[in-house]
Protein chains: 2
Amino acid sequence: MNATIISIGDELLKGHRINTNAPFMARELGAIGISASRIVTCSDDPRDIADAVLSALAGTEVVLMTGGLGPTSDDRTRRAVQELLGRGVVLDEDAFERIADIFHRGGRPVSESMKEQAMVIEESVTVPNPVGTAPGMIIDCGSRFDHRHLVLLPGVPVEMEAMMKGTVIPFFAQLSHSFLRHTPVMTVGIGETQLSAMIAPVEESLPSGTTLSYLPHTAGVSLMVSTRGSSLEEVDEENRRVVEHIVSKARSYVYATSEMTLEEVVVGTLLENKLTVAVAESCTGGLVSSRLTDVPGSSGCFLQGVVTYSNEAKCALLGVDRVTLEQHGAVSEPVAAEMARGCLLGSGVDIAVATTGIAGPGGGSPQKPVGTVCVAVASKSPEGTVLVEAKTFSMNGDRRQNKIRFSEAALRELFFRLKHA
Amino acid sequence: MNATIISIGDELLKGHRINTNAPFMARELGAIGISASRIVTCSDDPRDIADAVLSALAGTEVVLMTGGLGPTSDDRTRRAVQELLGRGVVLDEDAFERIADIFHRGGRPVSESMKEQAMVIEESVTVPNPVGTAPGMIIDCGSRFDHRHLVLLPGVPVEMEAMMKGTVIPFFAQLSHSFLRHTPVMTVGIGETQLSAMIAPVEESLPSGTTLSYLPHTAGVSLMVSTRGSSLEEVDEENRRVVEHIVSKARSYVYATSEMTLEEVVVGTLLENKLTVAVAESCTGGLVSSRLTDVPGSSGCFLQGVVTYSNEAKCALLGVDRVTLEQHGAVSEPVAAEMARGCLLGSGVDIAVATTGIAGPGGGSPQKPVGTVCVAVASKSPEGTVLVEAKTFSMNGDRRQNKIRFSEAALRELFFRLKHA
């Protein structure tokens with residue numbers, strides 16, 4: 001079964017608001033085997049709404065609309081649909097009672113415009129609104145439209161979400177007979193072109209019910225493996241097989257097969273192994289520490305971080321040798337190594353990571369262009385000797401992208417050291 | 001002039017990614033008087049792409065498409081458009097040189113698939129990609145399509161953004177003849193309800209060509225003042241008058257009347273006054289340092305930061321008194337004050353800011369619930385005495401939101417101190 005999602009609202013078209021409703025609805029529908037084949041945003045203009053609904057009904061079996069249900073003058077969805085289907089409205093007693101109750105409790109009088117909000121289109125299934133006032137509707141559009149379904153929901157995200165989960169999804173779960181399974185494969189340290197070459201055998205032998213999407217992000221690319229079929233067991237089995245095939249081909253770049261961030265995996269590994277970590281940053285300016293401390297429970301492994309932007313700070317806080325700075329420059333593997341070693345020994349942690357680089361736009365040179373970063377990881381061997389390794393990477397982005405990519409490289413090196421420890 | 005924005009990608013239809021490209025493009029187009037009348041998301045299927053382009057070209061003068069330009073097998077946009085228009089491709093030498101250069105620097109060989117990425121549709125204007133590999137195209141679709149324009153851009157947000165600003169917007173600014181001026185009014189430390197009450201007189205006397213939108217974000221709300229008209233001078237004048245009226249009503253909460261972040265304003269003020277800054281963070285975990293160092297040129301004022309997550313680190317790195325920690329707890333104004341003072345004196349900067357709080361989800365108590373943060377600012381008076389002030393704020397969000405709001409409070413307190421110094 002296919003669906004079109006129509007989001008109504010001038011503020012969406014002007015770009016003043018980001019549409020988070022449509023992706024939520026698409027995910028919810030996907031979980032019961034209904035795939036969105038088109039997402040459309042149109043204006044509050046009734047002709048525009050009617051136009052969007054007509055072409056959606058021509059192409060898909062279910063059409064879900066959000067926005068334009070409520071008390072203000074720019075809410076015209078219900079009327080546009082009424083006109084299109086040639087149907088009147090009836091008062092939904094339950095919805096009206098609920099609205100009246102909310103207003104009574106707020107000490108406000110019940111007016112005619114509130115009654116207006118409780119009106120639903122004839123011959124529709126009311127979708128109760130547990131967190132707001134205006135109810136939604138599920139409408140069988142009749143024989144003229146092949147009995148396709150139209151769903152009207154308010155545009156306020158919390159109301160729409162509660163109504164989708166409470167009524168709309170259960171309703172269509174009964175009508176739908178296919179299943180869909182999505183599994184993400186999260187990778188780090190590999191680009192789209194390389195990854196695509198590496199998993200070519202998987203793509204070539206993909207079973208017919210499974211598709212593969214590349215999800216590039218600022219610091220790499222992830223994969224989504226989606227499988228569809230009529231038996232839940234078969235769908236799960238086929239999806240699992242493809243995921244395993246991908247992992248076998250790209251093992252060293254895969255850090256998770258669930259929706260996890262790299263910092264979540266790093267913190268999880270640290271906590272699991274009862275290890276503590278400290279961070280010494282120059283070019284990343286605190287971002288590595290901030291990403292690690294984004295993870296709930298990170299205080300169980302993250303002890304401290306320093307951001308040593310100036311050379312003085314590198315010497316004073318991390319014990320970097322002034323001679324090393326002069327001989328190799330602040331952006332160099334020896335300085336990164338001394339930062340990591342100083343951080344490890346100064347804080348008493350089990351593992352430390354350091355970054356020094358040129359985020360740009362200024363500060364680059366022909367030998368060390370903008371985008372150069374040196375990352376060092378220091379840890380103690382079981383015998384107590386300090387093991388430090390520094391590497392240089394080269395990125396290609398603006399200042400903020402470079403900071404993100406540098407921090408990704410630092411977390412990745414940390415992850416690799418933990419994995420192979 | 002009207003536009004359709006088409007976002008291509010199965011991952012958008014599945015709801016695995018939120019579409020932030022379309023609103024960005026809509027805002028940019030709006031600024032030169034082109035309004036988006038439809039935003040459509042379609043799948044990677046070439047027939048679906050062709051179908052979406054055809055109906056868009058029937059209804060609007062400009063059609064912008066993002067996604068599906070790149071090296072992997074799910075990138076099919078260019079081919080779908082080629083087929084639709086019946087045009088071949090030619091190699092764009094500049095784009096190819098750029099791609100080859102990026103791969104050479106990364107030490108990777110240049111393959112045929114890279115050449116493929118530098119191919120553009122015949123008779124199109126190439127849109128250079130300053131931050132990635134695949135170039136974009138602006139295509140006059142010829143007499144068969146009333147010479148309407150088709151714009152192809154990659155789906156990676158930073159690439160699309162740079163290409164819109166660098167080439168696409170200047171191109172269409174020439175073709176468009178009505179004017180629109182947007183001026184943001186950026187505020188900090190005030191919510192939507194309060195701000196709305198404060199500027200009620202402005203809203204009541206708004207000229208007919210001007211609209212006001214509230215843009216709530218994680219740490220507050222900003223305003224967008226939009227004015228449309230046929231004379232550039234009148235549009236500018238009316239827009240300026242409304243902005244000045246808003247600023248006169250909400251002066252103490254406005255930190256900028258341009259697209260500037262709070263950290264940009266703080267760094268700008270520091271550089272202008274030749275002042276240096278250091279940061280001591282607990283609950284914000286490096287985010288305050290990271291935000292300050294996001295600003296190009298921040299190395300001219302930001303010397304160092306420390307993230308003292310553990311109590312030991314607070315004592316060792318900032319000289320916080322163990323007795324203060326025991327008597328008041330780590331999340332307290334006295335500890336925040338000692339952190340800021342220690343940071344100021346230890347680093348020799350002119351001004352320092354410190355944060356200590358509970359980001360959650362764990363760690364809260366009835367006296368100090370999750371969302372509590374103490375922020376202290378320390379600076380030296382002209383006579384050399386240290387001035388420290390600590391304040392407590394209470395926020396209401398999840399861990400990541402709290403970190404952002406805590407960091408916003410720290411930057412705000414820094415900004416206020418600088419403003420009133």
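Reply: A:Thr41 has B:Ile39 as its bridge partner in S2(B). That bridge belongs to the pairing of strand S2 (residues 35–42) of chain A with strand S2 (residues 35–42) of chain B, antiparallel over three bridges. Strands here are DSSP runs of E with at least two residues, helices are runs of H or I with at least four, and both are numbered from the N terminus. Two strands count as paired if DSSP finds at least two bridges between them.

The model is predicted: local features need pLDDT of at least 70, side-chain atom pairs count only at pLDDT 80 or more, and totals for chains, interfaces and linings use all residues. Residues are numbered from 1 along each chain as its sequence is written, while chains are lettered from A and ligands numbered from 1 in the order in which they are written.

The S2 pairing sits inside an open sheet of twelve strands. Its order is S6(A)-S7(A)-S8(A)-S3(A)-S1(A)-S2(A)-S2(B)-S1(B)-S3(B)-S8(B)-S7(B)-S6(B), and the pairing is mixed. Strand S6 (124–127) of chain A and strand S6 (124–127) of chain B are the edge strands, each pairing on one side only. Neighbouring strands are turned by 15 degrees against each other on average, direction ignored. Axes are lines fitted to C-alpha atoms, for helices over the stretch in contact, and angles run from 0 to 180 degrees between N-to-C directions.

Within chain B, strand S1 (residues 2–8) pairs with strand S3 (residues 62–66) in the parallel sense over five bridges. B:Ser7 stands opposite B:Thr66 in S3(B). Helices pack on this sheet. Helix H7 (residues 157–175) of chain A touches strand S3 (62–66), S6, strand S7 (136–140) and strand S8 (149–153) of chain A. The direction of H7 makes about 140 degrees with that of S6(A). Helix H2 (residues 21–31) of chain B touches S1, S2 and S3 of chain B, at about 160 degrees to S1(B).

Now the whole contact. Chain B gives 62 residues and chain A gives 63 residues. Residues are in contact if their C-beta atoms, placed from the backbone, lie within 7 Å. The chain B side divides into 26 nonpolar, 24 polar and twelve charged residues. Nonpolar means Ala, Val, Leu, Ile, Met, Phe, Trp, Tyr, Cys and Pro; charged means Asp, Glu, Lys and Arg; the others, Gly among them, are polar.

Next, the domains of chain A. They are domain 1 (2–175), domain 2 (179–256) and domain 3 (262–419), with bounds from an automatic or database domain assignment. The centres of domain 1 and domain 2 of chain A, taken over C-alpha atoms, are 35 Å apart. Four residues of domain 1 are in contact with four residues of domain 2 in chain A. The domain 1 side of chain A there has one nonpolar, three polar and no charged residues.

Chain A also holds an open antiparallel sheet of four strands, ordered S10-S11-S9-S12. Strand S10 (210–217) and strand S12 (254–256) of chain A are its edges, each pairing on one side only. The twist averages 35 degrees from one strand to the next. Helix H10 (residues 232–249) of chain A packs on the sheet, touching S9, S10, strand S11 (220–229) and S12 of chain A. In all, chain A has 16 helices and 17 strands.

Conventions. Contact = placed C-beta atoms within 7 Å.
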